[in-house]
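Please look over the model below before reading on. The briefing covers its sheets, its domains and the surroundings of its ligand.

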Amino acid sequence: MRVALYDQYGGPGVLYEGTLPKPVPRAGEVLVRVHAASVNGGELTARAGKVRLVTALMDRGFPKRTGTDFAGDVAALGAGVSRFRIGDVVWGVLARAFGSMAEFVVVPADQLARTPVGLDLVRAAALPAVGTTAITALRDKARIREGERLLVRGGAGGVGSVAVQLGRAYGAHVTALAGARHLDFVRDLGADEARDYSTTAPRDLGRFDVVLDTVGTGMADYRRLLTPTGRMVSIAFDSSRVLRSLGYLVASTAFGPRRVRFFSGNPRHDLLAELARLTESGAIRPVVARTYPLAEIAHAHRALQAGGIGGKLVITVAGSAN
Ligand SMILES: NC(=O)c1ccc[n+]([C@@H]2O[C@H](COP(=O)([O-])OP(=O)(O)OC[C@H]3O[C@@H](n4cnc5c(N)ncnc54)[C@H](OP(=O)(O)O)[C@@H]3O)[C@@H](O)[C@H]2O)c1
């Protein structure tokens, strides 16, 4: 099967389209024919070799694979899988491994769910990782409530663009911090206020009940914006200062409930089903900024790395890009 690979850590140019044997599902697993898969910020960090300890745990040698989430259809079932049938249209997130940028992936059945009714697979592929991350951050970690003030740092990015919509759906007053060219974009997503991160100092943003940080730099400056009962969730590290970021996360536990909460997503079928429900209800809509064929995976990484993308870049594996 065709698959995106890299033989060494480095810039986007290390990525290429290669071939590997088609995987075979074991008991409890499902073989999914991938139609499309989205590029996530964490995949760039992994490819660059900035989180070698983590990527080495996932998969020791080279070539390494990339891609976290996907949308496609069920091609084969391992023994004992009864929740799906061949041909079901599904989405999912690979946990603790990369590799969705491929014609086929093998996934435990309990990490798959049906895609939202009426949503095409390219748009569906834009949501699983970022959507489940936004739900976990706002619903489960911050326990956001109606009427609370939410700050989304990185509001135009993959996770941020869903978090802005979700915050609105949960009844929060949403302030999105984004690049100048995306202020209208985040307002269209439902932000009540949009502020330019290059010209707005944290102290000028006001006070918040919930801060969702998808950037990871200068976390202390954003934690200071919390109200006395406020909660901050960060999903990112400053990749040039990983140890310092980790140190701050640990030190912030001294602030008790106002510590910075961090998690690493591992969404199961119930979370993916909730994402499908929120998408079907119109609370969340995927935003595909651009699509690329699998052979152009390096171009997609280069574009996301350059920044300025509003929404998601999606790799079309089975069909042609548009
Ligand atoms: N812990 C988890 O489970 C989990 C899950 C998903 C993602 N993540 C992590 O979360 C991070 C974001 O992922 P993503 O997929 O959303 O990435 P993304 O699509 O690249 O979005 C990042 C956004 O941050 C913005 N940004 C950059 N510098 C900023 C600043 N100083 N202030 C405000 N915004 C700034 C970027 O805007 P410009 O492009 O305009 O610069 C971009 O819109 C990554 O580090 C990823 O690894 C963690």
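**Briefing: sheets, domains and ligand shell**

Strand β13 (residues 226–234) pairs with β14 in the parallel sense, over three bridges. Strands are DSSP runs (E, at least two residues), and helices are DSSP runs too (H or I, at least four residues), both numbered from the N terminus. Two strands count as paired if DSSP finds at least two bridges between them.

This is a predicted model: local features need pLDDT of at least 70, side-chain atom pairs count only at pLDDT 80 or more, and totals for chains, interfaces and linings use all residues. Residues are numbered from 1 along each chain as its sequence is written.

**Parallel sheet**

- S234 stands opposite F262 in β14.
- Six strands make up an open sheet, in the order β11-β10-β9-β12-β13-β14, with parallel pairing.
- β11 (193–196) and β14 (260–262) are the edge strands; each has a single partner strand, so one side of each is left without a neighbour in the sheet.
- From one strand to the next, the twist averages 20°. Axes here are lines fitted to C-alpha atoms (for helices, over the stretch in contact), and angles run from 0 to 180 degrees between N-to-C directions.

**Antiparallel pairs**

- Strands of a sheet pair through backbone hydrogen bonds, either parallel or antiparallel.
- Strand β3 (residues 29–38) and strand β5 (residues 69–77) run antiparallel and are joined by six bridges.
- L31 has A76 in β5 as its bridge partner.
- β5 also runs antiparallel to strand β6 (residues 89–93), with five bridges joining them.
- In that pairing, D73 stands opposite V89 in β6.

**Domains**

- The domain assignment gives domain 1 (2–127 + 286–316) and domain 2 (129–262). Such bounds come from an automatic or database assignment.
- Taken over C-alpha atoms, the centres of domain 1 and domain 2 are 26 Å apart.
- Their contact takes 14 residues from domain 1 and 13 residues from domain 2. Contact means that C-beta atoms, placed from the backbone, lie within 7 Å.
- On the side of domain 1 that touches domain 2, three residues are nonpolar, eight polar and three charged. Nonpolar covers Ala, Val, Leu, Ile, Met, Phe, Trp, Tyr, Cys and Pro; charged covers Asp, Glu, Lys and Arg; the others, Gly among them, are polar.

**Ligand shell**

- Of the 28 residues around the ligand, G41, G42, G154, G157 and G179 come nearest. A residue is near if its C-beta atom, placed from the backbone, lies within 6 Å.
- α1 (41–47), α4 (128–141) and α5 (158–169) are the elements that give two or more residues to this shell.
- By class, the shell has twelve nonpolar, 15 polar and one charged residues.
- Both domain 1 and domain 2 give residues to the shell, so the ligand lies between them.

How values were computed. Contact = placed C-beta atoms within 7 Å.
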